[in-house]
Each structure stands twice: as C-alpha cells, then as structure tokens.
Amino acid sequence: MKTGLFYVNECHDGNYERAYAEMLEQIQYAEEIGFESVWLGEHHFNEYGSMPSPQVAAAAISQITKKMDIGIGISILNFDNPVRIAEDYAMVDILSKGRLKFGGGRGYQPHEAKGLGVSMEKTREKYWEYVEIIQGLWANDTFSYNGEFYQIENLRLTPKPLQKRIPFYHACISPASFDLMVEKEVQEFMVTPTLMVMDDVLASTKRTRERLIQKGINPSIHLNLQMNIADNTDQAIKNVEKEMDVYFNRVLDIIPGAKGQQAPETYERFAEVAKEMEGPINIAGLNQSGIALLADAKEAVNRLEVAEEAGISSLSCWFRMGGMEHRKVMKAMKRYADEVLPYFKAVQRRQKVSI
C-alpha cells in the first residue's frame, strides 16, 4: 500500500498566504521522508477548505517535488466546464512529467453549488456525462459528444496529457456509489469513512473489488483517512481533539440536511449522518468506529493491514485537519514516517522481489 498526504487546507484565521506556504513546505518535507503522493480536495466559500482550484495547487506542487504522485481527491466536475477541466489537468500532467492521478466527484455542499449558480439536481447524471467527455478528450485526437447536458463537435485538446492514460479515481463514499463503480466498470475509485463506519466501508470495498474482478478489472482503490500516531490511543486523541472538534462541527453545518434542512434527492444519507452526529463530538467514538485512526504505531499498522486485505492499494493521511498548527503537522508526518511507513515500504520491497 503506497502512502501519501491529503489536504483541503482549512484556513480558519484568513491568512491564506501562510496556509499555502505551510502546505507547500509540508509537501516538500513529506517527499524527503518517504511519502509517495499528495492528494488535494476542492472546496469553495468556506474556511473548511481553501482549495477552490486544486489544479493551481497541483501545478505549484509539480515544481517543488520530483517523485511524488500528485493526486486530485477530488475535482468537483459538476461545478466546472468539462473541457476546461480536461485542459487544466493536461497541463498539470505535463508540468509534473506524468505524475498526475486525477479524481472526480459530484460535490455535496449546497452552499458551494448555490455560490457557483449550479443546480444540485441530477448531479449523478451530469457527473458521468462529464467523465466521458474528460476521458474522451484526453484519449482521442479529436472528440465529439452529444449528451443531455453538454455537446461538443470534433474538438481537439491542446495540450494533450503526457500519460497515455491518466488514472481516473471516482469518489465513492455512499452505499449507492459502490454499485455504480461496478455498473460503470471503473478502474480506480477512492473511499473514506464519511457516511459509513470503517467496517462497512471495507466490506463494501472488498465486495466491489471482487465484483469488478469478475468483470476482468483489478481496480486501484484509494483510502483517505484522518489520523495521528502517538505513544498510545489516549495521547493520539489528545493531540487532535481540538482540531477534530473544529473540523466536524464545521462540516456538519454545511452538508446536505444540516440544521434540519431538506436534502436534495440522492443526498439523503448526508442528512442521516448530520442527524446521527447531533450533540458534542465524540472523538474517541470516531476513532473506535474507524472514522479516524488515532493510535500507536503497532495498532495503526494492524488497522491499515486490514484495509489492505480488503483491497486498498493506496492511502492518503489527513494530518492537517481543523486548521492544525504547522509544527504539529510536521511532527505528525515525521512520526508516521518513522514508525508506520517503514512497514509498508518493506512490504512493497517484498512484493517486488516475489514478482
């Protein structure tokens, strides 16, 4: 299982210059100490995330790193023009010398859609149409498309990506999404314990992987997970208690169904989670259910081994949550690199030898 970082780059004090500079410094340091990728999540109009254009951040990261994969987790396809998305990320692939791993989703925060003048209706249908367009533009010299929401005729993308095929990960966080992965016969998808506890996520992941293998597809599956490694579980919880409380209180205010609002069709599970998590945030409970990984190194390895056995092939560690201080993020990264990462690096070496 390959390991990287994840950022939405929350910025609660409004000092975006500092937030971006710290993120870039952390990413450079992560590459030096053995992390193999970085993943960026798109968000708008809220201190929850200061990454409105992951392609801009990805381009910057491509110039300060040499080996790391640059993952997008995710670009909200429904919020933009699919042709522009294809163009922007073709540039990123070139600038990074072919290190791009793309990820797409349909978005879930109503205030973002409202701010951009985008409807929350038929988001799944729009998403899959945009997927076909982006992949078609990347793969073909000229491409035409006649869909319900978008039409293009004999369009030639310039520039073309460096990779012959850019890996295309699909956000898969709700029970219904797993069935869609099989129906659409995807080669890559990404999961996170947001709307399901970890046991359910991994059970669905394993089952979905098996169904895809029956169709002749051995998928690459990415896991994103909030975490902290310490001497023991109590200390790990204490290390992030304040930041996770900030994060979850903020996100529970902006998801569909928050504060009793009506959730759009196909977003009902978000409303259920908002209802289930009413009241004080129980960080220990989130850790116990696997929504976060807050533990000592031995337990972390054991829990991640279970994820790997379920079919997870890559991981992004969400260390910087709730606007965590720079020094605390750097310390968390270093501890993981020293105590957990060597185990999975050794597994990778053994797998290469056996091949």
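Modeller: Start with strand β10, residues 220–229. β10 gives the most to the lining of the largest cavity: four residues. Keep in mind that this is a predicted model.

Other elements join in. Each of these supplies at least two residues of the lining, β10 included. Among the helices are α5 (123–139), α6 (175–183), α8 (233–251) and α9 (268–276). Among the strands are β5 (100–105), β9 (188–191) and β12 (314–318).

Now the space itself. The largest cavity holds about 880 Å³. How many cavities of 30 Å³ or more are there? The count comes to one. In total, 49 residues line the largest cavity. To find its centre, look for Y108, A171, I173, T192 and T194, the lining residues closest to that point. The lining divides by class into 31 nonpolar, 14 polar and four charged residues.

Next, a pair of helices. Helix α2 covers residues 54–64, and helix α3 covers residues 82–95. Their axes come within 9 Å and cross at roughly 10 degrees. Angles under 35 degrees count as roughly parallel, and α2 and α3 are therefore roughly parallel to each other. Which residues meet there? From α2 come P54, Q55, A58, A59, S62 and Q63. From α3 come D88, Y89, V92 and L95. Six residues of this contact are nonpolar, three are polar and one is charged.

Then the salt bridges. The whole structure has 19. One of them pairs E36 with K345. Their closest N and O atoms are 3.9 Å apart.

Last, the backbone. Most peptide bonds are trans, and most residues other than glycine have a negative phi. G73 and I74 are joined by a cis peptide bond, with omega about 15 degrees. I74 lies in the loop between β3 (69–72) and β4 (75–76). A cis bond also joins T158 and P159, where omega is about 0 degrees. P159 is found in the loop between β7 (151–155) and β8 (168–171). Strand β7 itself holds N154. The phi of N154 is near 45 degrees, a positive value in a residue that is not glycine.

Terms used:
Residues are numbered from 1 along each chain as its sequence is written. This is a predicted model: local features need pLDDT of at least 70, side-chain atom pairs count only at pLDDT 80 or more; totals for chains, interfaces and linings use all residues. Side-chain values use heavy atoms; hydrogens and water are left out. Axes are lines fitted to C-alpha atoms, for helices over the stretch in contact, and angles run from 0 to 180 degrees between N-to-C directions. Angles under 35 degrees count as roughly parallel, over 145 as roughly antiparallel, 65 to 115 as roughly perpendicular and the rest as oblique. Contact means heavy atoms within 4.5 Å. Ala, Val, Leu, Ile, Met, Phe, Trp, Tyr, Cys and Pro count as nonpolar, Asp, Glu, Lys and Arg as charged, and the others, Gly among them, as polar. On a 1 Å grid over the protein atoms alone, a cavity is a set of points where a 1.4 Å probe fits but cannot get out, and a pocket is an open set with protein on both sides within 12 Å along at least five of seven lines; lining residues have an atom within 4 Å of a point. Grid points are joined across faces, edges and corners, and a volume is the space filled by probe spheres set on the points. A salt bridge is a side-chain nitrogen of Lys or Arg within 4 Å of a carboxyl oxygen of Asp or Glu.
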